[in-house]
Amino acid sequence: MTPVSDAFEEAASKPPKSKPKYPPPLSLRMTPEERERLERDAGQLTLSAYIRLCLFGDDVPKHRTRGTKVIKDHEALALVLHHFMHSNIANNLNQLAKATHMGTLPIDDETASCLREACTEVAEMRAVLVQALGQSGRRK
């Protein structure tokens, strides 16, 4: 067998990873007015997090949520998004990547300086985003 088919056979013979078992979801019927009030009272919390907080207070363990982030600074987030929308960053990076892959990107002092400046600006935007989203800035 070839190394590729050996690796495939090894991967295929491993048992699939089991997912943790969770209890079935709890269902609660409400009137539209009750749900509207609950959503309003929850503010930026998810309904699940808000209900846990109401039921268990501060003793509730932190649950992981997918894609749900509490935004700490809406104004800073709006500012950074505005700059992204009105810039050519994505297009310029794509053109640089294409030129690099084709071997046609001349790297002189001016180009190197522009690239360093662009990297600094992207790092600054990232820092503002991290702060606005209330994140630590460390990659996982």
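Gln131 sits in helix H6 (residues 109-132). Helices here are DSSP runs of H or I with at least four residues, strands are runs of E with at least two, and both are numbered from the N terminus. The model is predicted: local features need pLDDT of at least 70, side-chain atom pairs count only at pLDDT 80 or more, and totals for chains, interfaces and linings use all residues. Residues are numbered from 1 along each chain as its sequence is written, and side-chain values use heavy atoms, leaving out hydrogens and water.

- Gln131 is exposed, with a relative accessible area of 62%. Exposed means over 50%, buried means under 20%, and partly exposed lies in between (1.4 Å probe, protein chains only).
- Gln131 and Ala76 are 55 residues apart in sequence. In space, their C-alpha atoms are 8.4 Å apart.
- Val128 also belongs to helix H6. Val128 is partly exposed, at 30% relative accessibility.
- Val128 touches Ala76 and Val80, leaving aside residues up to four places away in sequence. Contact means heavy atoms within 4.5 Å.
- Val128 and Leu77 are 51 residues apart in sequence, yet 7.5 Å apart in space, C-alpha to C-alpha.

**How H2 meets H3**

- The axes of helix H2 (residues 32-42) and helix H3 (residues 47-56) come within 9 Å and cross at roughly 85°. Axes are lines fitted to C-alpha atoms, for helices over the stretch in contact, and angles run from 0 to 180 degrees between N-to-C directions.
- H2 is therefore roughly perpendicular to H3. That label covers 65 to 115 degrees; under 35 is roughly parallel, over 145 roughly antiparallel, and the rest oblique.
- H2 contributes Arg35, Leu38, Glu39, Asp41 and Ala42 to the contact, and H3 contributes Leu47, Tyr50 and Ile51.
- By class, this contact has five nonpolar, no polar and three charged residues. Ala, Val, Leu, Ile, Met, Phe, Trp, Tyr, Cys and Pro count as nonpolar, Asp, Glu, Lys and Arg as charged, and the others, Gly among them, as polar.

**The whole protein**

- The protein has six helices and zero strands.
- Buried residues make up 10% of its 140 residues.
- Among contacts with a separation of 6 or more, 51% join residues 24 or more positions apart.

**Confidence**

- The mean pLDDT is 76, and 75% of the residues reach 70 or more. pLDDT is the predictor's confidence in each residue, from 0 to 100.
- Confidence is lowest in helix H1 (residues 3-13), at a mean of 60, and highest in helix H2, at 92.
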